[in-house]
Amino acid sequence: ALADNKTQPLHRWVPWIAGFSAQFVQDCFETFLKNHRRKSAPRVLDPFAGVGTTLVQAVLNGFDSIGFEINPYAALACKAKLNSGKLDVEALASYVLKYKRVAKNGRRHVATVRPAEFETRIPFFSLSVEEQVLTFLDFVESIPRPDIADLFRVAFGSVMVSFSNYTYEPSLGSRPGAGKPLIDRADVHSTILTKLSEIVSDIRWVKERVGSRPAEGKAQIHNLDFLDSTNVLASSSIDLMVTSPPYMNNYHYVRNTRPQLFWLSLISSPKELRKLEEANFGKYWQTVRDSKPLTLNFEHTELAHTLVKLRQTREEKGPYGGPGWANYVTTYFNDCSRFFSVLKRVLVRGGVGVIVIGNSIIQGHEIKTDLILADIAR
């Protein structure tokens, strides 16, 4: 169902590895908000907002919404979508035309340079591709309006891997590693202009839709860990939460957006990247495997028993065997426990939380994530 987002206005701007469709969110609204009786508009939350499927759909329905996303690139995309209804679309279109002229004529003196501490095993862009990329980024730096500049950055971030020497399979890796040839030449400007044209079209669409409603939903996105949201979210302030937290599959959300984070100047060093990895919900196996044996911070007999068996699996491999993976599973569920504690505080009485999650097999052991989450929630 997530594939439907590839053709939906606003939702199609940025490809994202995991999540759910806009229609799924709409179904949640129609199911759980149909009997909403408070005088104010329903307030919707997504603690792991990604690129904003839940929040955008809330705005289109006239609901107030708030989201949290620690990945600066995803948060940037989310913010750009949420602000699209207020944007001067004709000003955006004029800057697209200016960029089109720059793309046609080229620039001889480009001040922008490649990110100094972004390192890859093979060149991320070929020289001819990188020259066009730097020309584009130089143009973006000349845009005085931050809201329009952000849309240009989002457009670039969504397509940049397509003309690089890397590919999503679904994790980010080199094209040769996936059996694909290097990209020596590509029309970078045309690719970006196609995406910008799509964005302009979608903003015109959303303005027509939002403009026809008597009230517009207020939307906020915070580039912040939801578990640290105490100063942002008031108690009993959320009617419906719809989210999909990171699955316990060790998929590296941060590293898979490393090119966007560096090339869009959202981070500038591996040290900043490391901080993001360590702050990620559930962590990653790589960040906790070498720690001393970790323990659950809540009681769950079945999970505790599974962790004992997991820790005894391939013990001789140390952090690369059961002991390291047991730390990962423990950290993941400890974060889940903290998550439900925060969620309980912010949901109104009778409020609903909808969580999309999948189960995992770790070192041959099935982890029934959905049932364990339900137990923790209760």
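Strand 1 and strand 6 (residues 238-243) run parallel and are joined by two bridges. This pairing belongs to a predicted model, in which the protein chain has 13 helices and nine strands. Five of the strands form an open sheet with parallel pairing, in the order 5-2-1-6-7.

**The sheet**

- L45 has M241 as its bridge partner in strand 6.
- L45 also stands opposite I66, a residue of strand 2.
- Strand 1 (residues 43-46) pairs with strand 2 in the parallel sense, over four bridges.
- To get from strand 1 to strand 2, the chain passes through helix 2 (residues 53-60), and this β-α-β crossover is right-handed.
- Strand 2 is also joined to strand 5 (residues 219-222) by four bridges, and these two strands run parallel.
- Within that pairing, S65 has A219 of strand 5 as its bridge partner.
- Strands of a sheet pair through backbone hydrogen bonds, either parallel or antiparallel.
- The pairing in this open sheet, with its order 5-2-1-6-7, is parallel.
- Strand 5 and strand 7 (347-355) stand at the edges with a single partner strand each, so one side of each has no neighbour in the sheet.
- From one strand to the next, the twist averages 15°.

**Buried parts**

- Of the 378 residues in the protein chain, 53% are buried.
- Strand 2 (residues 64-68) is mostly covered, with four of its five residues buried.
- Helix 2 is mostly covered too, and eight of its eight residues are buried.
- The buried residues of helix 2 include T53, T54, Q57 and L60.

**Overall dimensions**

- A compact globule with 378 residues would have a radius of gyration near 21 Å, and the 22 Å of the protein chain agrees with this.
- Taken along the principal axes, the C-alpha atoms of the protein chain fill a box of roughly 65 × 60 × 35 Å.

**Aromatic rings**

- There are 28 aromatic pairs in the structure.
- One cluster, linked by ring pairs, is made up of Y99, F118, F124, F125, F136, F139, F152, F156, F163, Y166, F262 and W263.
- K98 has its charged end over the ring of Y95, at 4.4 Å from the ring's centre.
- R289 lies over the face of W285, and the distance to the ring centre is 4.6 Å.

**Backbone details**

- Most residues other than glycine have a negative phi, and most peptide bonds are trans.
- The peptide bond from E169 to P170 is cis, and its omega is near 5°.
- P170 is in the loop between strand 3 (166-168) and strand 4 (172-174).
- N250 is a residue other than glycine with a positive phi, near 60°.
- The loop that holds N250 is between strand 6 and helix 8 (258-263).
- N250 counts as buried because its relative accessible area is 15%, and the cut-off for buried is under 20%.
- S265 is also a residue other than glycine, and its phi is positive, near 60°.
- S265 lies in the loop between helix 8 and helix 9 (270-279).
- S265 counts as exposed because its relative accessible area is 62%, and the cut-off for exposed is over 50%.

How values were computed
Residues are numbered from 1 along each chain as its sequence is written. This is a predicted model: local features need pLDDT of at least 70, side-chain atom pairs count only at pLDDT 80 or more; totals for chains, interfaces and linings use all residues. Side-chain values use heavy atoms; hydrogens and water are left out. Buried means under 20% relative accessible area, exposed over 50%, partly exposed in between (1.4 Å probe, protein chains only). Two strands pair if DSSP finds at least two bridges between them. A crossover is right-handed if, with the strands pointing away from the viewer, the path from the first strand over the helix to the second runs clockwise. Axes are lines fitted to C-alpha atoms, for helices over the stretch in contact, and angles run from 0 to 180 degrees between N-to-C directions. Rings of Phe, Tyr and Trp (its six-membered ring) pair if their centres lie within 6.5 Å; planes under 30 degrees apart count as stacked, over 60 as edge-to-face and the rest as tilted. A charge sits over a ring if NZ of Lys or CZ of Arg is within 6 Å of the ring centre and within 35 degrees of the ring normal. The radius of gyration is taken over C-alpha atoms; the globule rule is 2.2 Å times the number of residues to the power 0.38.
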